[in-house]
4 protein chains.
Amino acid sequence: MVPRYTRPAMAAIWAPANRYRIWFEIEALAAEGMARLGEVPEQAARDIRTRGDAALAAFSDEDLARIDAIEAETRHDVIAFLTWLAEKIGPESRFVHLGMTSSDVLDTCFAVQLTQAADLLLEDVDAVLAALKRRAFEHKHTLTIGRSHAIHAEPTSFGLKLAGHYAEFARNRERLLVARAEIATCAISGAVGTFAHVDPRVEEFVADRLGLIPEPVSTQVIPRDRHAAFFCTLAVIASGIERLAVEVRHLQRSEVREVEEFFHPGQKGSSAMPHKRNPVLSENLTGLARLVRSHVVPALENVALWHERDISHSSVERNIGPDATLGLDFALFRLAGMMEKLVIYPEQMLTNLESLGGVVHSGEVLLELARAGISREDAYRIVQRNAMATWTTLGTDGSRSFRQNLDADPEVVGRVSPDLLDRATNAMRHLSALDASFNRVFGEPGPVVA
Amino acid sequence: MVPRYTRPAMAAIWAPANRYRIWFEIEALAAEGMARLGEVPEQAARDIRTRGDAALAAFSDEDLARIDAIEAETRHDVIAFLTWLAEKIGPESRFVHLGMTSSDVLDTCFAVQLTQAADLLLEDVDAVLAALKRRAFEHKHTLTIGRSHAIHAEPTSFGLKLAGHYAEFARNRERLLVARAEIATCAISGAVGTFAHVDPRVEEFVADRLGLIPEPVSTQVIPRDRHAAFFCTLAVIASGIERLAVEVRHLQRSEVREVEEFFHPGQKGSSAMPHKRNPVLSENLTGLARLVRSHVVPALENVALWHERDISHSSVERNIGPDATLGLDFALFRLAGMMEKLVIYPEQMLTNLESLGGVVHSGEVLLELARAGISREDAYRIVQRNAMATWTTLGTDGSRSFRQNLDADPEVVGRVSPDLLDRATNAMRHLSALDASFNRVFGEPGPVVA
Amino acid sequence: MVPRYTRPAMAAIWAPANRYRIWFEIEALAAEGMARLGEVPEQAARDIRTRGDAALAAFSDEDLARIDAIEAETRHDVIAFLTWLAEKIGPESRFVHLGMTSSDVLDTCFAVQLTQAADLLLEDVDAVLAALKRRAFEHKHTLTIGRSHAIHAEPTSFGLKLAGHYAEFARNRERLLVARAEIATCAISGAVGTFAHVDPRVEEFVADRLGLIPEPVSTQVIPRDRHAAFFCTLAVIASGIERLAVEVRHLQRSEVREVEEFFHPGQKGSSAMPHKRNPVLSENLTGLARLVRSHVVPALENVALWHERDISHSSVERNIGPDATLGLDFALFRLAGMMEKLVIYPEQMLTNLESLGGVVHSGEVLLELARAGISREDAYRIVQRNAMATWTTLGTDGSRSFRQNLDADPEVVGRVSPDLLDRATNAMRHLSALDASFNRVFGEPGPVVA
Amino acid sequence: MVPRYTRPAMAAIWAPANRYRIWFEIEALAAEGMARLGEVPEQAARDIRTRGDAALAAFSDEDLARIDAIEAETRHDVIAFLTWLAEKIGPESRFVHLGMTSSDVLDTCFAVQLTQAADLLLEDVDAVLAALKRRAFEHKHTLTIGRSHAIHAEPTSFGLKLAGHYAEFARNRERLLVARAEIATCAISGAVGTFAHVDPRVEEFVADRLGLIPEPVSTQVIPRDRHAAFFCTLAVIASGIERLAVEVRHLQRSEVREVEEFFHPGQKGSSAMPHKRNPVLSENLTGLARLVRSHVVPALENVALWHERDISHSSVERNIGPDATLGLDFALFRLAGMMEKLVIYPEQMLTNLESLGGVVHSGEVLLELARAGISREDAYRIVQRNAMATWTTLGTDGSRSFRQNLDADPEVVGRVSPDLLDRATNAMRHLSALDASFNRVFGEPGPVVA
C-alpha cells in the first residue's frame, strides 16, 4: 500500500520491529512452556526472556542490518533472526526454538499481527458506526426521495438510508469478530505438525499467553482456509464502504446536490476549473474497495498448499497482509470522517422529491384505487396513464402534476375522494413506520404478529 | 452449470416450479398476515391459499408457457406470475401482493432458495466429514512421509493428514451455518423499504412462517453484503476441496503411488494409452473449485447497488445462484465418494518414507546432538553434512544411509550413543502425539499447561 | 448461462450436435491427411468421410442417447463418440483416430468452436459500432455538459461522447481479432506432443483445412495461455459495455433525464409504482459485464496445468466457454439495440448544461484572466470566488449567474472586456475541435505539428 | 510491492523523481508545441525548458518536501507540483499548463511510465527466452517421461518441454509488445477532451516527442480499457511463469528428483531439518503469479469510470501500476536465473522413465496390434490387460515388465513380431519428430502436406 493510504498505527503492526518483537515473544514463551515441563532449565528460560527483552527493547537499525546480513547468507529469515538472537542471548540460545520449525514462529506471528490489525479495524468500524448513528438520528425525519434504478420511486427518510448502512456495518462488525477468531490460532507443532519434538502442551501454553487458541491440526503451517476467510471478510466490508461511497457520489452530482463532502478551505477541486467541488473522498473509497477486494482471489488460491506446506503463500501474504489491512483501515477512517462532516441539504432533498410532479405517489394511489374496488389491472392502467401524462410534460409550459391529472380523470373522480387522494399523495406518510425500523437497528425488535 | 456437474436435488431448487411455489407461498403468507391485522378479509386470504395451492399443485408446462407469454408482453417476471395467479384465484387476487413490491417476493424467495441450497450443502459436508473421519481412524497409525515444499520432511501418519482435512471441513461446516444465517432474511417492506403500504408485522409474520428473520432495513432489496458473504463462504469451502484434491493428485502420481482413486471396471483412462489410470476425479474437483471461486468477485461487485436498488445484481444472481450451489454440491458429493473409495497403499507409503536413506530423521538427530551439548550451529553443520552425503549418493552403488554416515562421523561417535540414534531415527516416534491431535479434532481437547 | 441471456446462434455452437460434427470433421481430415502420406488406405479415408458425413447428417436424439450410454460405461467422452462412430463406419473405423489422443480432438474442436464464437462476436461488435457511429453523427453538434466526478465540468457534444465509445469498441474489435488468432490453432500431436505416432504433416493438413494454424508445441494439449488471453479480451470488451451502460444509467436518472431507454408499449416498470420507466437494459448490461469478467480468473488459473496436461481445465472450460461467449453475445446484441433506439433529449441536455448558472465556463474565464496578464494564482482565486458565489446561491431567490458575478467583480471589470467574457462563456466554442476528433475516430488522422 | 520483491530499475520508474521529471517534460513540450502555434512566446517556452530542466536536475529531498507541503494545503498533487515549478520558473510559469487539465499530465505520465516498465519487462522476457533456448538445445535429446494427469504417459525430450515454454514466452513477448502499444497514448485535450482551450496539434506534438500516439478521444482521461488490457497481459505472462514454476516444483519433489534449483553454498533449507533443499524459487514464483493476477480485476473494474471521468481509478493505479510491474519484473528475472542455473539430472529422468516396467509404450503397441489387423477394441483390451498386469506387480518380487507380459500373451505372440515389439517399446522413437517441433519454435516452419 502506497504511503498516501497508510496510517501509522496499522503500519507499525507490519514493521520489522513488531515482527521481531512477536517472534521473540513466541520463542521466549515456548522456552518458558518447556521449562514448566522440565525440558528446558528454568534458569535458561529466564535468561532467554531477560536478555531477549533487553535486546528487543534496544532494537536499532544496526540490529536490522545485522539480521539482513545474516539472511543474505543463509537465505532464510527465521534462521537469520535466531542467529542474531543467539548473539544477544549467549549459550542459553541453544534452548531457543527447540524442536520447533520456522513456520511455528512465522504463522503464530502472522496470527498475532492479524489480530492486532483486526482490533484496529474494529475501532475503525466503531467510528463509522458512531458517525452513521449520529447522522441517522439527526436526519431521522428528513424527507428524501427513495430511488430504484436511479429513478424516483417513493419518499423515504435520509436517516433511514443511513440506518440501513449502519445495519450493514453492524453486520460487518460481527463478521470481523468472527474473522478475527478465525485467524487467532497458534501452531508450535514442528516440521509436519506431529509434535515429534515438542510437547503439545507447549503450544497450548504459548497460545494461552498470546490470547490465541491452539490450531487443532497444523501441518507445517496453520491451514490457509482461515486466512482466506479473513480476507474475504475484509472484502465484504470494503464492498460495504463502496456502497455508501457510491451513494454519496450520486447524491453530490450536480443535478442532485443533496449532500456534499466537506470542502476544506484552501482545497482545489481542479487545476483547470476553479468552480469544481468534487466528491473525491467517496471516489477514493470506491477505488480502495477495489484494491481490498482484489486480495480475495490470491488468498483463496493460497489454501491449496502442497502436502504439509509449500511456500507459495508467503510472497502473497507479505503483500496482502499489510495491503488489505492498511487499505481497509485507511478507508474506514476516511469513511467515518467523511460521514461525520458530510454536508446535508434537506431543502434540496425536498425540491428533488417534488420535482416529478408527484408521480412518486403512484404506488399509494394504486392501492387507493384497489381499495375502492377497482381491479388491480385497471388500477395499474389508470395510474400509469396519469403518471405518464405528468412525466411527459415535466418542465414544459403545459406541465400538470400527478394530482392535477388524477383530479381530471373520470375513472378516478367519484371513486376515490379528494381526502383519500390527499393522504395518498402526502410524503409524510412514508415516515410512519420509521420507529419500527430504527428500533430494529438501534434498539429492541418490535412485536411479532402472534 | 452444465448438466454433467448437476445433481437433481439441487437442480430442483432452482427450477421454475420451485421458484413459483415459493413466490406463491410468500404472497399467500402475506395475505394471511394482513388478514390477521384486518387489512385483508379473512375469507380472501383463505381463498388465495386454497386456490393458489391447487394451481401450484397442478402446475404444468402449460402454466409455464402462459407465464412466459405474459412476461414477453410485460417484460416483468413478477407481474407475469401475478397475472397468471390472478387468473387462477379470481377476484380475490386483488388482495394479493397488496402494498408489496416485486423485490419483496424476489428477494425473500432467493433467501428461501439459498437456505434450501445451504441445507443440501450441509448434508454434503457431513458426508465428506463422515468419509474423512472413517479413513482417518482407519489409517491413524499408517506411517507416511510428511512433505514440505514437496520434499520429504519428517514422518507423519496418513490418518493425521486426513484428520487435518476433517478439521478444515468441520470449520467449513461452521462457516456454512453462519453463511446460511446470513442470507436467511425476509423483506416485505415495499418500494423503498419504508413499510409505507404494508405493516412491518406482516413481514415478521411471513419471516416467521418461512423460518427467516425480518431484514432490519431492506431498501427495496435485501442488502447484498449478505449474499457476498454467502458466496465467499462457498469459495472458501471450494478451496478446501481443492486442497484435498491436490493432495490426492500428488499422492497418485506415478512416482509416488501412495493412493489411487477407485477405477471402475470398464473405465478407460486414455483413448491412446491403455495403461493409464488417472486421478480424474480430483483433477475435476480442482477445476470445480476454480468455478466456485469465480463467483466471489461478481457477488462482491453486487453489493454497491445504486440508492435503494438497481437491478444489475439480477443477471449475476440468476447465474451464480444456481452455478455456485450446483457446482459445490456436485464437488462435495464427488469428494465424499472419492474419499470413501480411495485406494490407499500403506506399503508404498513406507517404501517412499525410507527412500531417502533416513535423512528425514535429521531434525531429531539435530536435537540429540544439541542435547549432547553441541552448539546449534555445529549440530546443524554436522547433520547437514551427513544428510547431504546420503542424498547425493542415493540410488548409486556407493549409497550410504544417513545412519551409516552418522555412525562414521567422528563428531558424532562417542557423543551420541547408538541407542539414542536408534530412537532418533525411528519413524514410529512421530506417532507419539497422535492421540492429542485426534482428541482435538474428534474428541475433547487435551490438558493445558497450568 | 441461463436461457434468458442466450441467443440461438451462439447456443448452437455449444450444442452437442455441433461438437460431434467438429469431432468427426477432425477425425475425417486426419484420416485424409494420413491417406495422402500413405499411412491409411485412400479408400478407407473416403469411406470414413462418406459414412461419417451420413451419420452426422442424420444425427438424432437416439444417437445422443447412444453416445451417452457408452460414456456412462467408459467414463470417457471421446472414446464414447469413437465407439458410436465405429458402429456407423464399420471395419474402416480402425483407421479413425490412428495415433491420436483425445485431446487432439477436444482441443482442436474447442479452437473451432471459439473461432465460430469469435466470428459471431465480431458481428455483434460491428452492430454496436454501426449504432454508435450513426448516433454519434446524429448528435455531433448536440451540446451537453461534460462531467468529471459527476460534477459539471465543461460543455461537450453528445456525439463526441459516443465517438469516444465508438473508438473503444473499434479497439475492442481489433482485440477480438487478435484473440481469435490466439486460439485458432490445431493440435494433432499425440499423447505428449511428440508426433510419435502421427506425422506432423497430418496436423498441418488438418489445420489448413480448418482454417487454423498448427500449434508450435502442444504438450498433450494446446497451451492454455492462449485461452486465458482470449477470455481476458472478452472481459475487456465486457467492461467497455459496462462503461457505456453506466453512462446511460446516469443520464436516465430522474434528475438528469437526458436520455431514456426505449420503453416498449405494454412494458411495466414496476409492480408497485406504475410511474416507473427504468433503465433496466443498461443495468442488465452492468450485471452481464460482471459475469463475463468473472471468467478471467479461472481461465488464468487454467494455464499452469501439470506437466504435459492435467484435466482440471476441462470442467472450467465446459462452463466458461459457453457462458462467456453467450453472455457477451447477448450483451453486445442488447447494447446495439439499446443504442439504436435510445431516446435522446437535447433540450434537457441544454437545460442541465445551463443549470449551474454558467460556472461551467470557469476554465475558459481563467484563461482569459491569464491572457489579461493576471497571475495564475490570482486568476484562480478570482474565478473560484465568483464560481462559488454562483454555486451557493443556486436555486435561491438571490441567485446570480457566474457572468453576473464576474461583471460585478472589480478585479475582472476593466481587465477582461465584455466581448471576451461573451466568448469565454459561450458553450458553442467547445465544439470547435469536433472535426479533429471525428476525423481521428471515423476518418483520417489530422496533421501533426511539424 | 514489498522491497524483497523489488528491483531497483523498475522501482526508479515509480519513484517521485521520475514522475516529476515526466510531468515537467510534458509541460515543457506542451509549451513548446504552443510556441510553434504562436500561442505562447517562444522565449517563454525556452525559459520554461531551461529553468525547469535545471530545477529537475537539481531535484532534492527538499523539493519533495516542498511539493508535499503544498499538496497538504491544496489537496491536489498536480497543482502542488505546478506551484513548486512556478517558484522555479518565475513569471513565465503562467504559460505552463495553459488550457490543460491535471489528467493531461497524469495520464500521459502514466503512459510514459508504463512504456518504460514494459521495456524493462521485454528485457526480462528476453532473458527468460535466452535461458530457455539454451537449455532446450542442451537437452534436446535428453529422454524424459511425458506425464498427463501426473501419470506417466509416453517418453518425450526434456528439451521439447523447454521448447514449449519458450514458445509460450515468445507469445508472451508478442503480447507484451501489443500491450505496450495499447497504453502508449497521449492526451492533452483539456477538461472533457474537447480541445476547447488547447489545439489538438499540441497533443500531437507532445505525443510525437514522447514516442506516444495521440489518444483518438480522451474524455478527461485516457480510456481505461487500454490499461485493463495491459494488466491482463501481465497476468497472462505471470500465469506462464507459474506453469514453468509448477513444472520445476514437480520435478524437484523427492520422489522425482529430475531437476533441482541451484542451492547456494551457505543456504539453509530449513531451521529444523538440515537435509532439506527446497524448490523455494519456483514456489515463490507461484505466489508472485497470484499477486500479478490479482491486479486484473481492479484494472477491469476501473474501465467504467463515470461520465468523462471519476477518480476511483487513481488509488487503484497508484498501487497496481508499481505492484504489477515490480512483481512481474522480479518474477521474470528470478525465472531466468533459475532456469539458467537449474541442475538437471538426465540419469534420474531415464530411471523414472523406465520405472513403470515399460507400460509407457502401450500406445505404440496398441498401434502395432491395430496394424496387425486386430480391431481397435480388441487391441485396447489386450494392451490394457498386459499393462495392468505389469502395473499391479511393480516393485514386487513377481514383477514382470510390459514386454515380458506381451511376450507371454497368446493374443500377441505370432501376430506382432519381436522386431516390431522392439521398435514399439524403444523410447528413442519418441524423439524422431523433434526437428519438426524445434524448427517451428526456433526456426522455419516445416513443409505442409500439399
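In this predicted model, the C-alpha centres of domain 1 and domain 2 of chain A sit 30 Å apart. Chain A is split into domain 1 (1-98), domain 2 (102-263 + 275-354) and domain 3 (359-424).

**Where domain 1 meets domain 2 in chain A**
- Domain 1 of chain A puts 21 residues into the contact, and domain 2 of chain A puts in 27 residues.
- On the domain 1 side, the elements giving two or more residues are helix 1 (8-14) and helix 2 (16-36) of chain A.
- Helix 2 of chain A gives the most to that side, with ten residues.
- Sorted by class, the domain 1 side comes out as 15 nonpolar, two polar and four charged residues.

**Where chain C touches chain B**
- Chain C brings 46 residues to this contact, and chain B brings 46 residues too.
- On the chain C side, at least two residues each come from helix 4 (61-74), helix 5 (77-89), helix 10 (280-293), helix 11 (296-301) and helix 12 (312-341) of chain C.
- Helix 10 of chain C has the largest share of that side, at eight residues.
- If you sort the chain C side by class, you get 17 nonpolar, 20 polar and nine charged residues.

**How chains C and D are related**

**Two crossing helices in chain D**
- Helix 3 (residues 42-57) and helix 5 (residues 77-89) of chain D have axes that come within 9 Å and cross at roughly 105°.
- Helix 3 and helix 5 of chain D are therefore roughly perpendicular to each other.
- From helix 3 of chain D, the residues in the contact are D47(D), I48(D), R51(D), G52(D) and A55(D).
- Helix 5 of chain D meets them with L85(D), K88(D) and I89(D).
- By class, this helix 3 to helix 5 contact in chain D has four nonpolar, one polar and three charged residues.

Definitions and conventions. Residues numbered from 1 in each chain as written. Chains lettered and ligands numbered in written order. Predicted model: local features only at pLDDT ≥ 70, side-chain atom pairs only at ≥ 80, totals over all residues. Axes fitted to C-alpha atoms, helices over the stretch in contact; angles between N-to-C directions. Helix = DSSP H or I, 4+ residues; strand = E, 2+ residues; numbered from the N terminus. Parallel < 35°, antiparallel > 145°, perpendicular 65-115°, else oblique. Contact = placed C-beta atoms within 7 Å. Nonpolar A, V, L, I, M, F, W, Y, C, P; charged D, E, K, R; others polar. Domains from an automatic or database assignment.
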